[in-house]
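Please look over the structure below before reading on. The report that follows describes the chain in plain terms.

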Amino acid sequence: MALESLHDLYVDELRDLYSAESQLLKALPKMAKAASDEGLRAAFQEHLEVTRGQVERLERIFKRLGERPTGKKCVAMEGLIAEGKEMMGEDAPPSVMDAALISAAQKVEHYEIAGYGCVRTYARLLGDDDAAELLQETLDEEGEADKKLTELAESAINVEAEEEEEPAPRRRAAAGRR
Ligand SMILES: [Fe+2]
């Protein structure tokens with residue numbers, strides 16, 4: 001599709017986000033299953049529900065635009081999910097796996113925050129105020145999810161993962177190699 005105007009770019013990036021969210025709907029249950037910490041598992045399950053609502057918001061915006069939401073694959077989300085999958089296949093103590101899951105999830109959140117920030121701004125510039133409001137709601141939710149993941153990481157999970165670390169002498173040796 002040729003991008004001849006900001007409107008074209010707006011629709012194209014909305015399609016990218018629609019694809020990203022659709023891919024995430026399939027990945028989140030797997031991430032919840034891989035999590036050991038109850039709070040983290042609950043956070044993934046809750047974000048699955050939130051993501052369903054975000055998909056609906058995008059569908060509403062497309063309907064008003066008279067455009068299809070499908071037709072584009074978000075290659076970035078595909079890559080982020082592939083990396084997460086690779087990590088989930090690693091052999092790691094539960095708390096280290098939880099820390100890895102948080103890292104993967106925060107990369108996803110930051111990608112989405114960038115994407116929604118852009119389309120929200122395009123919507124405002126194009127005078128699509130209702131869409132701008134809907135996109136801002138999603139942007140706020142993604143920010144909250146990111147904050148929640150940071151809290152979980154800082155409260156217990158990373159501390160426990162740190163305790164899983166190698167004995168100090170080997171750790172120093174490893175650091176020295178860098
Ligand atoms: Fe999302």
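## Report on the chain

Leaving aside neighbours within four places in sequence, Ser 95 is in contact with Ile 157, Glu 160, Ala 161 and Glu 164, where contact means heavy atoms within 4.5 Å. The model is predicted, and local features need pLDDT of at least 70, side-chain atom pairs count only at pLDDT 80 or more, while totals for chains, interfaces and linings use all residues. Residues are numbered from 1 along each chain as its sequence is written, and side-chain values use heavy atoms, with hydrogens and water left out.

Ser 95 belongs to helix α4, residues 94-125. Helices here are DSSP runs of H or I with at least four residues, strands are runs of E with at least two, and both are numbered from the N terminus. Ser 95 has a relative accessible area of 6% and is therefore buried. Buried means under 20% relative accessible area, exposed means over 50%, and partly exposed lies in between, for a 1.4 Å probe and protein chains only.

Is Glu 154 buried or exposed? Glu 154 has 61% relative accessibility, so this residue counts as exposed. Glu 154 sits in helix α5, residues 129-163.

**The whole chain**

The chain has six helices and zero strands, which gives the order α-α-α-α-α-α from the N terminus on. The C-alpha trace spans about 60 × 35 × 25 Å along its principal axes. Of the 178 residues in the chain, 39% are buried. Among contacts with a separation of 6 or more, 79% are between residues 24 or more positions apart.

**The iron ion**

Which protein donors does the iron ion have? They are Glu 21 (OE), Glu 21 (OE), Gln 54 (OE1), Glu 112 (OE) and Glu 142 (OE), at 1.9 to 2.7 Å from the ion. Donors are N, O and S atoms within 2.8 Å of the metal (3.2 Å for Na, K and Ca); water is not among the atoms, so sites may look incomplete. The spacing of the donor residues in sequence is E-x32-Q-x57-E-x29-E. Because Glu 21 lies in helix α1 (residues 6-34) and Gln 54 in helix α2 (residues 38-65), the pair ties together parts that are 33 residues apart in sequence. Both Glu 21 and Gln 54 are buried.

| Pair | Angle | Axis distance |
|---|---|---|
| α1 and α2 | roughly 155 degrees | within 9 Å |
| α1 and α5 | about 40 degrees | 14 Å |

Axes are lines fitted to C-alpha atoms, for helices over the stretch in contact, and angles run from 0 to 180 degrees between N-to-C directions. The α1 and α5 pair is therefore oblique, whereas α1 and α2 are roughly antiparallel to each other. Angles under 35 degrees count as roughly parallel, over 145 as roughly antiparallel, 65 to 115 as roughly perpendicular and the rest as oblique.

The crossing of α1 and α2 is left-handed. By class, the contact of α1 with α2 has 18 nonpolar, five polar and five charged residues. Ala, Val, Leu, Ile, Met, Phe, Trp, Tyr, Cys and Pro count as nonpolar, Asp, Glu, Lys and Arg as charged, and the others, Gly among them, as polar.

In the other pair, Tyr 10, Leu 14 and Glu 21 of α1 meet Ala 131, Leu 135, Thr 138 and Glu 142 of α5. The residues of this contact of α1 with α5 are four nonpolar, one polar and two charged.

Methods. A crossing is left-handed if the near helix is turned anticlockwise from the far one by less than a right angle, and right-handed if clockwise.
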